[in-house]
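Try each task yourself before you read its solution.

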Amino acid sequence: MLIEFALHNFLSFKNEITFSMLAANTVKEREESSDGSSNIISVKETGHKFLRVATIYGANGSGKSNLIKAMSFFKNMILNSVVNDKILFLFEENQYRFDTESSKEPTGFEIIFALNKVKYRYGFDIFEEKVDSEWLFMQEYGNQKESYCFKRENGRITVNHKTFKATKQVINMTRENALFLSTAAQFNEPTALLIKNWIGNRFNILSGISNNTLNYTALQYMRNETMRERILGLIKIVDLGIQDIFVKENYLDRLCDSGGIPYGTILKNHNIELDNETINPYGNVTHNLTLYGYHNKYDNDNVVDSVALPFQDESLGTMKLFALLGPWFDTLAHGGILIIDEFGASIHTKLALELIKLFQSRLNNGDAQLILATHDTNLLRKDLLRRDQIWFTEKDKHGISDLYSLVEYKINQATSVRNDATFSKDYLLGKYGAIPYFGDIDRFIVDFSIDE
């Protein structure tokens with residue numbers, strides 16, 4: 001369960017910002033409904049409450065995607081810094097670049113999350129293609145004090161052997177451009193391996209819906225009967241005219257289109273188990289999947305047959321919905337965090353509303369969390385979201401992004417936003433900031449119109 005994610009000096013975020021899934025103590029609405037739905041996760045052992053869903057709004061270029069890119073980079077470092085010694089080669093391009101000082105400062109990330117009744121705080125700083133510092137702390141539920149697992153500073157790594165079992169050999173094997181956590185996981189240190197596996201399998205990020213996501217859902221649809229029933233059941237409820245979906249699979253040797261990554265590696269990262277004839281240890285045997293949607297064929301009002309329509313002939317919205325439902329239901333079933341950039345593209349606003357409700361319904365019994373960057377202001381509804389579930393990004397005149405939640409925002413620097421406010425209307429009126437500034441559009445039209 002994600003608690004916080006913080007960063008500084010990354011892309012448009014020059015100053016430190018913290019994105020939090022901790023429920024605000026001042027907000028009490030929608031903690032529990034008569035139908036069993038709830039917007040929060042209550043942890044009895046600590047007395048804390050956490051959000052099931054958070055949304056991020058802001059103008060184009062305000063920093064929404066940069067926040068998600070930071071999360072993606074953080075995950076990539078943990079999974080791949082040991083095996084890819086070039087991972088920081090172009091890292092300077094990811095620092096804030098619109099002043100003279102930021103290039104002299106490190107870039108940092110920190111995540112706080114809970115797993116198996118233990119709260120972990122892990123982070124690292126990067127400077128000049130090196131890991132400048134790194135730290136891991138843990139705190140068991142019911143314990144008032146956190147303990148350090150390891151600390152890394154100025155090339156020196158100190159390990160608390162009571163909480164972290166890494167040997168001196170692991171310390172010596174850690175490259176200056178690789179994370180110690182990732183190196184320890186390679187040597188099967190239990191805590192490091194637990195964290196790496198959680199980040200790899202349960203901290204999932206989607207930036208748009210790609211062919212890889214579509215294929216992942218198709219494989220889940222084929223191999224998991226519960227997943228198949230849920231995906232097909234929801235698609236039928238949406239009334240897309242599809243009565244059934246058939247997936248045909250073939251095998252061929254090739255690399256996937258996304259950065260030359262073996263497709264088998266993608267499957268293994270998603271924890272899909274395949275036999276050795278399907279995928280070899282190097283992951284270069286891939287699936288060529290063909291999808292068909294079955295529609296009723298009518299004679300007047302009578303169904304006389306079914307027609308198989310290739311999925312590429314379905315609407316873009318149908319394909320995107322199908323692709324999305326694999327990660328969606330997987331997260332609901334197994335817990336973890338699903339993070340989606342540009343949520344709502346090609347999906348009707350009412351459907352987006354119902355999809356979000358699933359995460360706040362009794363269907364979410366594994367403490368799954370959902371984080372969405374979106375422009376869909378129709379989701380800004382007080383019967384769907386609390387004030388602490390709504391976040392905004394905004395840039396100042398220097399191109400520096402800020403991040404703030406609606407619950408902490410002060411109108412005219414004095415008045416807090418009321419829980420009965422009309423969130424979407426007030427946002428579009430500019431009461432909360434984080435909206436596009438258009439300048440003089442009328443002047444633009446005059447200047448660039450063709451003079452007849």
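**Exercise 1: aromatic pairs**

The structure holds 24 aromatic pairs (rings of Phe, Tyr and Trp, the latter by its six-membered ring, with centres within 6.5 Å; planes under 30 degrees apart count as stacked, over 60 as edge-to-face and the rest as tilted). This is a predicted model, in which local features need pLDDT of at least 70 and side-chain atom pairs count only at pLDDT 80 or more, while totals for chains, interfaces and linings use all residues. Residues are numbered from 1 along each chain as its sequence is written, and side-chain values use heavy atoms, with hydrogens and water left out.

Task: classify the ring pair of Y221 and F322 as stacked, tilted or edge-to-face.

Solution. 
- A pair of aromatic rings is described by the distance of the centres and the angle of the planes.
- For Y221 and F322 the centres are 5.8 Å apart and the planes stand at 65°, so the pair is edge-to-face.
- Y221 belongs to helix α5 (residues 211-223) and F322 to helix α8 (residues 316-334), so the pair links distant parts of the chain, 101 residues apart (helices are DSSP runs of H or I with at least four residues, strands are runs of E with at least two, and both are numbered from the N terminus).
- Both Y221 and F322 are buried (buried means under 20% relative accessible area, exposed over 50%, partly exposed in between, with a 1.4 Å probe and protein chains only).

**Exercise 2: helix α6**

Task: which span should the 14 residues of helix α6 have, and which of its residues are buried?

Solution. 
- The expected span is 1.5 Å times one less than the number of residues.
- For α6 (residues 225-238) this gives 20 Å, and the end C-alpha atoms are 20 Å apart, which agrees.
- The buried residues of α6 are M227, I231, L232, L234 and I235.
- These residues cover an arc of only 160° around the axis, which puts them on the same side of α6 (the arc is that of the directions from the helix axis to the C-beta atoms).
- E229 and I237, on the other side of α6, are exposed.
- Now look at the ends: N224 caps the N-terminal end, with a side-chain oxygen 3.0 Å from the backbone nitrogen of T226.
- After α6 comes D239, with a positive phi near 65°.

**Exercise 3: a charge over a ring**

Task: which ring does R121 lie over, and which residues share its salt-bridge network?

Solution. 
- A charge sits over a ring if NZ of Lys or CZ of Arg is within 6 Å of the ring centre and within 35 degrees of the ring normal.
- R121 lies over the face of F137, at 4.3 Å from the ring centre.
- R121 is also linked with E110 and E146 in a network of salt bridges.

Terms used: Polar contact = N/O pair within 3.5 Å; in protein donor to acceptor, adjacent residues only side chain to side chain. Salt bridge = Lys/Arg side-chain N within 4 Å of Asp/Glu carboxyl O.
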